Amino acid sequence: MFRIILISLKLGRSVSAYILLPLLMSVAIFDIIGRKFVNTGSTQLQELQWHFFFASVMLSIGYTYISDGHVRIDVLRNRFSPKLRKRIEILGCVIAVIPLSILLIWAGGDQAWRAFVSDERSAAALGLENRWIIKSVVPIGGMLLLLSGIYAGWKNLTALRQLSNDNN
């Protein structure tokens with residue numbers, strides 16, 4: 001089961017790193033050249049840049065969490081015993097990561113569905129249509145974060161049990 005979780009998280013990171021970020025850079029360069037040298041600006045290109053960035057963040061958030069790429073207060077954390085670090089990590093998963101993930105899945109899914117049903121488009125006159133596409137990335141990112149929270153919680157619980165068995 002955890003192998004499937006890791007594959008899902010790596011897939012999200014790979015889509016972000018190897019597809020979305022190069023597309024983001026290409027669109028940004030094209031937009032900048034168009035504005036500076038051809039005297040054209042495009043609301044759609046600017047919105048597309050935002051969409052690529054947002055999708056990249058949401059698809060890589062789960063992998064970032066399990067690979068410890070997220071922000072920590074290492075000055076304090078390094079002073080704690082390994083057992084206390086594992087307990088704090090488990091508590092963080094249960095109190096913060098998993099509930100936030102469920103909220104992202106539930107509320108993000110609702111927003112994506114409402115955008116789809118109402119055929120929501122950008123508020124800008126020349127903006128992008130089909131706003132549901134980018135809004136559907138929120139529950140996908142939430143699911144990836146939920147998977148990483150479950151994996152991290154289980155991994156730390158197993159390590160905590162191992163530390164307790166070693167001390168006995």
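Helices, as named here, are DSSP runs of H or I of at least four residues, numbered from the N terminus. In this predicted model, Asp110 and Arg114 both belong to one such run, helix H4, where four residues, about one turn of the helix, separate them. The two side chains form a salt bridge in which the closest N and O atoms are 2.9 Å apart. Asp110 is partly exposed, at 31% relative accessibility, whereas Arg114 is exposed, with a relative accessible area of 52%.

Helix H4 also packs against another helix. Two packed helices are described by the angle between their axes and the distance between the axes. For H4 (residues 82-117) and helix H6 (residues 137-167), the axes come within 8 Å and cross at roughly 160°. Because angles over 145 degrees count as roughly antiparallel, H4 is roughly antiparallel to H6. The crossing of the two helices is left-handed. Sorted by class, the residues in the contact of H4 with H6 comprise 20 nonpolar, nine polar and four charged ones.

The loop between H4 and helix H5 (132-135) contains Asp119, and Asn130 lies in the loop between H4 and H5 as well. Asp119 has a phi near 55°, a positive value in a residue other than glycine. For Asn130, phi is likewise positive, at about 55°, although this residue is not a glycine. Asp119 is exposed, with a relative accessible area of 53%, while Asn130 is partly exposed, with a relative accessible area of 32%.

Salt bridges were searched for across the whole structure, and four were found. Glu120 is partly exposed, its relative accessible area being 25%. A further salt bridge joins Glu129 to Arg121, and the closest N and O atoms of this pair are 3.2 Å apart. Of these two residues, Glu129 is exposed, with a relative accessible area of 54%, whereas Arg121 counts as partly exposed at 34% relative accessibility.

Methods
Residues are numbered from 1 along each chain as its sequence is written. This is a predicted model: local features need pLDDT of at least 70, side-chain atom pairs count only at pLDDT 80 or more; totals for chains, interfaces and linings use all residues. Side-chain values use heavy atoms; hydrogens and water are left out. Axes are lines fitted to C-alpha atoms, for helices over the stretch in contact, and angles run from 0 to 180 degrees between N-to-C directions. Angles under 35 degrees count as roughly parallel, over 145 as roughly antiparallel, 65 to 115 as roughly perpendicular and the rest as oblique. A crossing is left-handed if the near helix is turned anticlockwise from the far one by less than a right angle, and right-handed if clockwise. Ala, Val, Leu, Ile, Met, Phe, Trp, Tyr, Cys and Pro count as nonpolar, Asp, Glu, Lys and Arg as charged, and the others, Gly among them, as polar. Buried means under 20% relative accessible area, exposed over 50%, partly exposed in between (1.4 Å probe, protein chains only).
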